[in-house]
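Hi,

Here is the structure I promised to pass on. Have a look, and then read my notes below.

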Amino acid sequence: MANSDSSVPPLPTTAPLVPRKENLTPVGSKIAELTESRTELLNRIQGLKQDLQNWRSKLDTQVKIYREELSDLKKSLNVEVDQLRSEFQELKSTLQQQQEDVTASLKNLGLQGNPGEDSDQIPTPKINGKDEEPQEVSTAEDTSVKSEE
């Protein structure tokens, strides 16, 4: 029966049941480095999140301020445009009144054009094809007075 024992391989006496201390030191230092690196990364991420939140808050504040400024500018611009419209309307009315006064004065003086012409349009004399200030027009009476002298 001694032969039956020889078929079973012998147990190794040098088989390590506990890992060697030499192998544990590099793994432990790597774990410590990774843990430290992880902590640093988490801190950086938290810092970046805080920076982003601060940046967004500042940006929101600036946008709010700019919107308020734009709103104020828009209001003041609208007020100025309304004032200009009113002033232009007054100017238009004044010019129309002056034009009517000039037309009436010309009618009273008898210098208005032919009765068939539109009374709102006063012809402007043209000299050499250009608009120029009207000069004194000599009438037949004027020329006869000058010739008698």
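Which residue forms a salt bridge with Asp-82? The partner is Arg-85, and the closest N and O atoms are 3.7 Å apart. (A salt bridge is a side-chain nitrogen of Lys or Arg within 4 Å of a carboxyl oxygen of Asp or Glu.) Side chains of opposite charge can pair when their charged atoms come close. Asp-82 and Arg-85 sit 3 residues apart in helix H2, so about one helical turn separates them. Asp-82 is partly exposed at 45% relative accessibility, while Arg-85 is exposed at 56%. (Buried is under 20% relative accessible area, exposed is over 50%, and partly exposed is in between, with a 1.4 Å probe and protein chains only.) Searching the whole structure turns up 1 salt bridge.

A word on the source: this is a predicted model, where local features need pLDDT of at least 70 and side-chain atom pairs count only at pLDDT 80 or more, while totals for chains, interfaces and linings use all residues. Residues are numbered from 1 along each chain as its sequence is written, and side-chain values use heavy atoms, leaving out hydrogens and water.

As for the overall layout, you'll find 3 helices and 2 strands, in the order α-α-β-β-α along the sequence. (Helices, H or I with at least four residues, and strands, E with at least two, are DSSP runs numbered from the N terminus.) Of the 149 residues, 1% count as buried.

Helix H2 covers residues 21–109 and also holds Val-63, which is partly exposed at 34% relative accessible area.

Cheers
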